[in-house]
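Hi everyone, thanks for coming along. Please have the sequence and the 3D view open, and we'll walk through a few parts together.

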Amino acid sequence: MRPIRLTMSAFGSYGGEETIDFSRMEKGIFLVTGDTGAGKTTIFDGIVYALYDRTSGGVRDGNMMRSEYADLRTPTFVELCFSCRGENYRVVRNPDYERESLRKDKNGNPKKTQEKSKAELFLPDGSAFKGNKKQINKKLEEILGMDARQFLQMAMIAQGDFLKLLLARSEERKEIFSKLFDTRIYGKIQEELRRQEKEGYGELKDLENACQEQIGRILCPKEQEEKAELSRMKEQADIKKAIACLEAFIEEDKKHSRELEKKRKDLEEQLRSAGRKKELAHSLLETEKHLASQEKWLQENLPKEAVLGKEEEKARARQKETEEALDTLIRERDNKKRSYEEQQSILEKRSEELKVLKEIWNRADQGEKEKRTLALNWEQANKEYLESRKEYEEMYEAFFREQAGILARELKDGVPCPVCGSTSHPEPALPASFAPSQSQLNTAKKKTVKQEKLREQAGTDYQEAERTVHGILAGLEQEGRRLFGEDFSSADRKWKSHTEDALSQTKEEEESLKRTCQEMNAAFKEKRAALEKENQQAVREQKEAEQVLEDFIRQTERIRGGQQAAKEQKEKLLAEWQALESREASEELLRNIVGELEKEIQALTLQEERTEREYREYFSRLESNKRTRELLETYQEEYEEKKERFVLVRHLSQTACGTLAGSVKLDFESYVQRQYFQRVVQRANVRLMQMSQGQFLLQCRELDKLSMQGKAGLDLDVYSLATESARDVKTLSGGESFMAALAMALGMADVVADSVGAVRLDTLFIDEGFGALDDHAREQAIRVLYELSGEDRLIGIISHVQELKEQIENKLLVKKGKNGSHVRWSY
């Protein structure tokens with residue numbers, strides 16, 4: 001990256017707008033000089049702020065850089081044009097600041113408003129990069145290939161930073177390298193191993209506690225001696241001994257459990273036998289009692305069956321009688337209904353025929369009316385035709401006479417007539433007083449033809465109507481004679497009145513028949529409802545009587561069946577009793593033996609309960625110890641696995657964290673940083689050899705010489721080539737320290753550039769530090785910087801040293817003024 005042009009407005013000590021054209025210095029060294037506080041470092045702050053939205057020292061942010069010399073109308077911004085990889089970019093950035101508003105207060109004075117910070121980036125093709133401030137910052141890092149921290153280490157050695165890296169303690173240098181070379185990932189590995197070590201230790205302790213808890217749950221079949229031994233196992237978390245002890249307890253309890261199980265089964269068998277005898281005796285007594293009860297019921301109730309049968313027959317006869325009466329009523333109603341329907345059909349047919357006849361009368365009257373209208377239409381059409389024809393003939397004659405008069409006007413004596421050929425014309429034709437034209441004659445002819453067609457059509461319509469009326473009258477005559485006889489005549493209008501009267505009479509007869517039918521239906525419904533109610537009562541009584549009889553028969557059969565089953569059951573019970581007891585099962589014996597068996601069962605039950613309690617105690621202890629053994633075996637396997645992993649993780653953690661006993665306190669991150677540190681020292685010595693004229697070199701302290709206390713690994717010594725001995729870097733003089741620090745800074749910039757990748761910085765800025773050098777050392781340092789600038793690198797130095805002003809021709813002069821500082825080039 002090489003700056004091309006920097007513009008600062010109301011930024012830092014610059015009250016107005018100042019532009020620095022770096023393109024005027026293509027290579028070499030230039031000196032930035034001026035009064036103290038004039039704003040020399042602000043130039044580098046402007047570059048860093050434009051690129052990374054921060055200042056070179058990192059103490060002030062962009063919002064603090066508003067110039068105190070600027071008025072409210074002057075904007076604060078930084079604009080930087082720079083080149084990178086052969087392409088030019090431009091970035092414009094402003095912080096938050098207060099400016100004059102376009103609005104005014106009530107007194108007419110301008111108000112103040114806050115201008116928000118923003119950034120703009122213009123790409124090589126001139127287009128603006130589309131994105132917010134955060135996205136623009138990220139894009140700039142992509143273009144430059146480094147972040148602000150790396151840029152400040154590689155391109156800008158800020159004021160006061162020369163000796164930081166040189167004189168830092170190992171742990172301070174570690175913090176610097178962690179940020180610079182981003183080695184925090186290795187520190188995170190250390191932390192993760194330390195966390196896993198702590199977590200593994202906690203898991204082991206948790207497992208030990210769980211094992212102690214399970215050992216405390218072991219149930220002993222014996223007394224104090226084994227309990228004391230278990231207490232010792234619990235304190236020591238001795239899983240193997242606890243499992244072995246459990247095995248012995250389990251085997252002993254298994255043996256006792258088997259013995260108790262056998263005893264319990266024997267008692268159960270005795271209880272079953274005594275219980276069965278008691279049950280048989282009780283069942284035999286109950287069966288005998290049941291048989292006696294059933295026999296008594298049969299003797300008392302069998303005569304009732306005949307009485308119930310007669311009552312059921314009487315109810316059935318009553319039901320049949322009501323059903324026959326209801327059937328008779330329905331048949332009579334059906335016969336009357338058919339008669340009414342036949343009469344209704346005759347009347348409906350008569351009514352329809354009369355309606356048809358009346359409709360024919362109406363059609364005939366309508367036809368006569370239409371015929372008269374059509375006759376009048378024909379007469380009118382004929383009249384109009386004759387008038388039109390007469391008018392046409394008159395026009396034709398007048399037109400003809402006009403044609404003869406026209407010919408006569410052209411006749412001359414001695415000249416033949418074109419019509420008759422005569423050469424003598426004694427009485428030539430005279431022209432008509434009024435003669436129509438040819439078009440008028442044609443119009444009159446068309447009208448006459450049209451009127452003739454209308455007359456013909458009117459005649460046709462009249463004839464058609466006459467035929468239609470004749471046909472209607474013929475049908476009327478035929479239908480009237482069929483309904484009224486041979487006396488009917490369509491010419492006599494009285495028959496139309498007879499037709500209407502007959503139709504009215506037929507409708508009255510239909511209404512009368514309908515009323516009669518409705519009265520008949522109402523009477524039928526009333527009688528039917530009464531008979532149906534009577535029949536339903538008879539049906540209910542018959543069903544009830546039938547149900548009573550069936551219930552009695554089923555009960556009798558059930559009792560007889562139960563009596564037979566009881567007898568068969570008694571035989572089975574007696575057979576089973578004889579198999580268990582030799583004494584005969586008399587009623588007296590059965591009553592006595594029930595009491596004896598109850599006492600025996602009570603004694604056996606108490607003995608079984610004691611055995612069951614003892615068995616449950618052994619079984620519960622056995623199952624509890626089994627579960628404890630399973631858990632301990634699981635814990636033992638898990639404990640061995642976790643212990644093996646814990647030993648490995650603890651060794652890795654102690655190695656990575658540098659806490660191994662008897663070893664150097666060099667952790668993993670410091671070991672990685674040591675590789676970078678050695679490369680920085682190697683690069684620094686190349687330049688330090690020139691600046692010190694080979695008097696001393698820097699070297700990374702050897703591992704065998706590192707301290708066993710505290711953190712180590714990044715310690716720095718000075719090796720004197722004259723005495724061939726090493727000493728602490730803090731023993732260097734002020735001038736030597738500056739040369740070593742400058743060499744370290746340059747070496748650091750080289751290594752950072754290598755670590756960043758294919759990034760080459762064409763510009764380097766150094767802020768102060770040359771005042772501590774003597775003339776010779778200063779000349780050597782300047783000579784090294786000239787060699788470093790080479791053919792295309794630009795190096796800027798800020799310094800107040802007078803000798804540098806004489807040694808360096810190209811200067812950037814910063815001058816403080818009453819309204820802020822100004823800057824200009826001097827060659």
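Let's begin with strand β4, which is mostly covered: eight of its eight residues are buried. Do keep in mind that what you see is a predicted model.

Which strands pair with β4? One partner is β1, residues 2-11, joined to β4, residues 77-84, by seven bridges, and the two run antiparallel. To find this pairing on your screen, look for Pro3, which stands opposite Phe82 in β4. Another pair to look for is Ser9, whose bridge partner in β4 is Phe77.

Another partner is β5, and here too the pairing with β4 is antiparallel, over seven bridges. Val78, for instance, has Arg93 in β5 as its bridge partner. β4 and β5 form a hairpin with two residues between them, and Arg85 in that turn has a positive phi of about 55°.

Let's zoom out to the sheet. Five strands make an open sheet in the order β2-β1-β4-β5-β8, with antiparallel pairing. Why is one side of β2 and of β8 left without a neighbour in the sheet? β2 (14-21) and β8 (118-122) stand at the edges and each has a single partner strand, so one side of each has no neighbour there. On average, neighbouring strands of this sheet are turned by 10° against each other, ignoring direction.

Helices come in as well. Helix α1, residues 40-52, lies across β1, β2, β4 and β5, running at about 100° to β1. Helix α2, residues 133-144, packs on the sheet too, where it touches β4, β5 and β8, and its direction makes about 40° with that of β8.

Next, some helical stretches. Helix α6 covers residues 184-216, which is 33 residues, and reaches 47 Å from its first C-alpha to its last, close to the 48 Å expected at 1.5 Å a residue. Its buried residues include Gly187, Leu193, Leu204 and Ile215. The unreviewed UniProt entry lists residues 250-277 and 312-339 under "coiled-coil region". In the model, the span 312-339 is 100% helix, with its end C-alpha atoms 42 Å apart.

Four bridges join β11, residues 716-720, to β12, and Asp717 has Asp728 as its bridge partner in β12.

Let's finish on one residue in β11, Ser720. Is Ser720 buried or exposed? With a relative accessible area of 9%, under the 20% cut-off, Ser720 counts as buried. What does its side chain meet? The side chain of Ser720 makes a polar contact with that of Thr723 at 3.2 Å, and a polar atom of the Ser720 side chain lies 3.4 Å from the backbone nitrogen of Ala722.

Methods
Residues are numbered from 1 along each chain as its sequence is written. This is a predicted model: local features need pLDDT of at least 70, side-chain atom pairs count only at pLDDT 80 or more; totals for chains, interfaces and linings use all residues. Side-chain values use heavy atoms; hydrogens and water are left out. Two strands pair if DSSP finds at least two bridges between them. Axes are lines fitted to C-alpha atoms, for helices over the stretch in contact, and angles run from 0 to 180 degrees between N-to-C directions. Contact means heavy atoms within 4.5 Å. The expected span of a helix is 1.5 Å times one less than its number of residues. Buried means under 20% relative accessible area, exposed over 50%, partly exposed in between (1.4 Å probe, protein chains only). UniProt positions are given in the numbering used here, feature names are shortened, and annotations may be inferred rather than shown by experiment. A polar contact is a pair of N or O atoms within 3.5 Å; within protein, one must be able to donate a hydrogen and the other to accept it, and residues adjacent in sequence count only if both atoms are side-chain atoms.
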